[in-house]
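This report goes through a predicted model.

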Amino acid sequence: MHVTSPVREPLIQGGKTYADVTEDICRHVEGAPTKEWKIAFGISLIVLAYGTVCLAWTWWEGLGVWGLNKTVGWAWDITNFVWWVGIGHAGTLISAILLLFRQKWRTSINRAAEAMTIFAVLCAASFILMHMGRPWLAYWALPLPNAFGSLWVNFNSPLVWDVFAISTYFSVSLVFWYIGLIPDLATIRDRATSKVSRFMYGTFAMGWDGSAKTWARYEYISLILAGLSTPLVLSVHTIVSMDFATSVIPGWHTTIFPPYFVAGAIFSGFAMVQNLMLITRVVYRLEDYITLEHIETMNKVITLTGSVVGVAYITEFFIAWYGGVEYEYYAFFNRMTGPYWWAYWAMMTCNVISPQLFWSRTLRRSITFTFFISVVVNIGMWFERFVIIVTSLHRDYIPSSWTMFSPTRYDIGDYIFSFGLFFTLFLLFSKYLPVINMAEVKAVLRSTSAQLPGKIAGVAKVRQRGTAEPAYNKDKE
Amino acid sequence: MAELSGKYLVGVYDDDDTVLHAVPKLRKAGVKIKEVYSPFPIHGMDEALGHPRTRIGIAAFMFGVTGCCCALALMIWTMGIDWPMIIGGKDPISIPNYIPITFELTVLFTAFGMVTTFFVSNGLGPGTHAHPRFDERSTDNKFVMAIELGRNSMTVDEITRALRDSGAEEVNVKQF
């Protein structure tokens, strides 16, 4: 039985039929790349090339080219890593947690958000490789008996937990995303006119035929994958936070870190989804699918998680004072008023104050304002990681070790590399794969579309239903 | 019946509700339906067709248990038996520290095992260039019901009429 809720706006507008959905979403996959896409792709490639040169030099020369010193031994590398992992989380949240909660609005944005997750986790992983110094020995992080005999990795260390968490997260997200793509790849395969695209999409569609039995199993495994991904996404950022929390550095040794990091991850991830979706909907003319309702709902999530993050900032500050440990108290007081005060207050302004503006419905539904705030939130969340890491390290227990950190051109260049990688991959995805999950949109089309029930696909007949129609639908029919 | 083997009647529907309601009606009339193909999942279709409930969940659970055991065995062997070391004052075998990796490997084994089972049980695989045999529009906007004539005792006309009555927009014959 299909129920149209009278209290919500339709999620798909423009009176679409099933055929329209296929046509609208396949258009950019089947057509030649647009001028905008080519320009964006060209810029991304240039950025990636510049970043690659910086990265190659980093590896050639060693980590001495970074601005790290004896006191601040971790800075932009780990900041960027945590930031990118956090950005990835919104994709899994949208595809897994919202699937479990039966949120239909996820269907228009889950595909692109999941792609964003995968690319963001790749960017994060690149920083792990970078800060290893000798990336060709990265396999030492795996549980292999190394050359010195049967000496194994230390399974008690959060850094080894990270290796398992990030690689599991990446591979499970990739599988989840790919499984979701298969029905749409089959749709494109069956519409393809050229031999090459028929072969390529056919290869990746794996012989999908859309039989009832396959769909039943597909839905079942999607639900289990969502059930697995939900605790997985929480575990990943919890473990990332434990990289800090299990140490004894004032400012890091904080039990609040796991939930606080997870909330921050969802916060910045949703901001990035907003940025990408706002551009995608205009470039690919998908305004009927990614509507103001979607944007507003995501803004509500940003407000909620931004508030959680704000509460976490205040709580850790309160505990630093209430705990009575002078080092802890100094670390937090120093964040506010010390030499990095500007970073602290940038973080507070961007993350705590700016999302509160979304309490206004007008601002929440303004596209320009949403884009602006999303950029601000992303900047703020980068500062949050920078503040946690650098302000906690730059004041050591011994004042003679006190120092400052300034990034070199290679710190900046390696960060630029990750942007080049991310946008190059995202643009390739958005050209060659459907950015919206067609099968899922079609599945919720009737109950969430502006099209009246019963008129879809031109069929206007009274259907026999086992249960009574809701009064709202009856009125409309 | 021999001349009917490999011959199918294909009913093409425009609407998911219509095809969902057509299935029990046709089955009641004695038509044996081979399969229904659709561009998206139709809830209740597998029950209407009489497909047994999938047991892929049981497989997933078994893969999860395997992953959990492998992770614990790996850590207990390496940290506790092969090269025991006391790190941070923790016992060589300290299960609480093993929880994160045990969890991750349980998830990894479950996800990969379950998805592999899904591919194998549905005959899907890389390089399988199959496509909808009955109607290519079934991955776009049509709902397609396939009826194998060789397995039905009813005549072609009877089935065609039943399909039309149940709301099929087109009825085509396919021979493989």
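## Thr280(A) and its surroundings

Helix α8 of chain A, residues 257-283, contains Thr280(A). With a relative accessible area of 6%, Thr280(A) falls under the 20% limit and is therefore buried. Its side chain comes to 2.6 Å from the backbone oxygen of Leu276(A). Leaving aside residues up to four places away in sequence, Thr280(A) is in contact with Arg285(A), Phe426(A) and Val435(A).

## Confidence

The model is predicted, with an ipTM of 0.93 and a pTM of 0.90. In chain B the average pLDDT is 88, and 95% of the residues reach at least 70.

## Interface of chain A and chain B

Chain A contributes 67 residues to the contact and chain B contributes 70 residues. About 5,900 Å² is buried between the two chains, 65% of it on carbon and sulfur atoms. Of the area that chain A buries against chain B, 12% comes from Phe155(A), Asn156(A) and Met206(A), more than from any other three residues.

There are 18 residue pairs in polar contact across the interface, both residues of each pair being at pLDDT 80 or more. On the chain A side, α1 (18-30), α5 (158-191), α6 (195-205), α7 (212-245) and α15 (438-448) each provide at least two of the residues that touch chain B. The largest share, 17 residues, belongs to α7(A). By residue class, the side of chain A that touches chain B has 37 nonpolar, 17 polar and 13 charged residues.

One salt bridge is found across the interface. A salt bridge joins Glu136(B) and Arg198(A), with an N to O distance of 2.8 Å.

## Salt bridges within chain A

Over all chains the count of salt bridges is 18. One of them pairs Arg191(A) with Glu30(A), the closest N and O atoms lying 2.8 Å apart. This pair links distant parts of the chain, since Arg191(A) is in helix α5 and Glu30(A) in helix α1, 161 residues apart. Arg191(A) is partly exposed at 23% relative accessible area, and Glu30(A) is partly exposed at 37%.

Arg365(A) and Glu296(A) form a salt bridge at 2.3 Å, N to O. Arg365(A) sits in the loop between α12 (361-364) and α13 (367-393) and Glu296(A) in helix α9 (residues 292-322), so the pair ties together parts 69 residues apart in sequence. Both Arg365(A) and Glu296(A) are buried.

Glu384(A) and Arg385(A) are also joined by a salt bridge, at 3.5 Å between the closest N and O atoms, and both are buried. Lys16(A), Asp24(A), Arg27(A) and Asp288(A) form one network through salt bridges that share partners.

Technical notes. Residues are numbered from 1 along each chain as its sequence is written. Chains are lettered from A and ligands numbered from 1 in the order in which they are written. Side-chain values use heavy atoms; hydrogens and water are left out. pLDDT is the predictor's confidence in each residue, from 0 to 100. Helices (H or I, at least four residues) and strands (E, at least two) are DSSP runs, numbered from the N terminus. Buried means under 20% relative accessible area, exposed over 50%, partly exposed in between (1.4 Å probe, protein chains only). A polar contact is a pair of N or O atoms within 3.5 Å; within protein, one must be able to donate a hydrogen and the other to accept it, and residues adjacent in sequence count only if both atoms are side-chain atoms. Contact means heavy atoms within 4.5 Å. Buried area is the accessible area (1.4 Å probe) that two parts lose on being put together, summed over both. A salt bridge is a side-chain nitrogen of Lys or Arg within 4 Å of a carboxyl oxygen of Asp or Glu. Ala, Val, Leu, Ile, Met, Phe, Trp, Tyr, Cys and Pro count as nonpolar, Asp, Glu, Lys and Arg as charged, and the others, Gly among them, as polar.
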